[in-house]
Amino acid sequence: MTCSLCGSEVGESFSGTEGIKLHRCSNCWLVFKDPELQPSAEEEEYRYAQHNNSDDCPGYRDFLNQALEPTLPYLDFGMEGLDFGCGPNPVLARMLDEAGYSCTYYDPFFFPDLPDDRQDFIMATECFEHFFAPAAEMKLLTALLRPHGTLTVMTHRWDEETDFSNWWYLRDPTHVSFFHRKTFDYLCSRFGYQVEEVPGDKVIVLRKMVVV
Ligand SMILES: [Zn+2]
């Protein structure tokens with residue numbers, strides 16, 4: 001089995017929650033579901049449409065604030081950003097607009113038009129775990145971001161304490177890729193980022209370096 005991120009031959013395969021077949025890459029530390037378990041596009045769209053979080057739901061805003069608050073110190077007024085993988089209701093983009101930043105949004109199912117210009121910042125909340133092809137998605141994100149721009153990622157990372165045999169995060173059939181803190185070090189070195197901040201076990205703020 002080849003790693004869906006770095007292309008290395010995966011050394012370890014094992015069963016997770018409910019017998020879900022998983023692979024763990026010893027090179028980039030990505031854990032991913034067996035490709036046979038990837039949902040169809042129809043199943044994905046159906047499930048995402050069910051996640052229609054209303055923006056007047058305070059709980060959902062609190063959830064998104066976990067990514068927004070650590071990002072704000074890196075933003076200046078007038079900056080333009082992108083809510084990448086926003087789902088059917090771009091709540092985070094609205095929260096950014098309210099905070100004084102211009103924010104557009106993109107979702108391959110619901111808002112499939114990408115912005116023409118490169119962005120000052122990109123927010124990717126609860127979308128990395130859905131990536132079938134994380135390297136291709138990182139390439140796209142990097143192309144969309146200006147040099148020195150920030151990329152904030154929120155996804156539940158696994159660590160040495162994670163019990164894959166009983167991890168709720170695996171149960172959603174659209175969750176297919178699981179990142180370790182070290183996976184982000186791999187992403188940084190391959191795609192030219194540095195880690196700015198790691199608040200908690202879900203959020204990481206990366207900065208795109210200028211390649212000289
Ligand atoms: Zn790998």
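**Ground rules.** I number residues from 1 along each chain as its sequence is written, and I keep in mind that side-chain values use heavy atoms, with hydrogens and water left out. Because the model is predicted, local features need pLDDT of at least 70 and side-chain atom pairs count only at pLDDT 80 or more, while totals for chains, interfaces and linings use all residues.

**Zinc site.** I looked up the donors of the zinc ion (N, O and S atoms within 2.8 Å of the metal, or 3.2 Å for Na, K and Ca; water is not among the atoms, so sites may look incomplete), and found the SG atoms of Cys-3, Cys-6, Cys-25 and Cys-28 at 2.3 Å. The angles among these four donor atoms run from 101 to 118°, which makes the site tetrahedral (for four donors, all angles between 85 and 135 degrees). Along the sequence I read the donor spacing as C-x2-C-x18-C-x2-C. Cys-6 sits in the segment before strand 1 (12–15) and Cys-25 in the loop between strand 2 (21–24) and strand 3 (31–33), so this pair ties together parts that are 19 residues apart in sequence; strands here are DSSP runs of E with at least two residues, helices are runs of H or I with at least four, and both are numbered from the N terminus. Cys-6 and Cys-25 are both buried (under 20% relative accessible area, 1.4 Å probe, protein chains only).

**His-130.** I placed His-130 in the loop between strand 6 and helix 4 (134–144), and it is buried, with a relative accessible area of 14%. Leaving out residues up to four places away in sequence, His-130 touches Glu-44, Tyr-48, Thr-174, His-175 and Val-176, a contact being heavy atoms within 4.5 Å. The backbone oxygen of Thr-174 lies 2.9 Å from a polar atom of the His-130 side chain.

**Arg-24.** I found Arg-24 in strand 2, with Trp-158 and Phe-164 among its contacts beyond four places in sequence.

How values were computed:
Tetrahedral: all angles 85-135°; square planar, octahedral: opposite > 155°, others 65-115°. Buried < 20%, exposed > 50% of the residue type's maximum accessible area, 1.4 Å probe, protein only. Polar contact = N/O pair within 3.5 Å; in protein donor to acceptor, adjacent residues only side chain to side chain.
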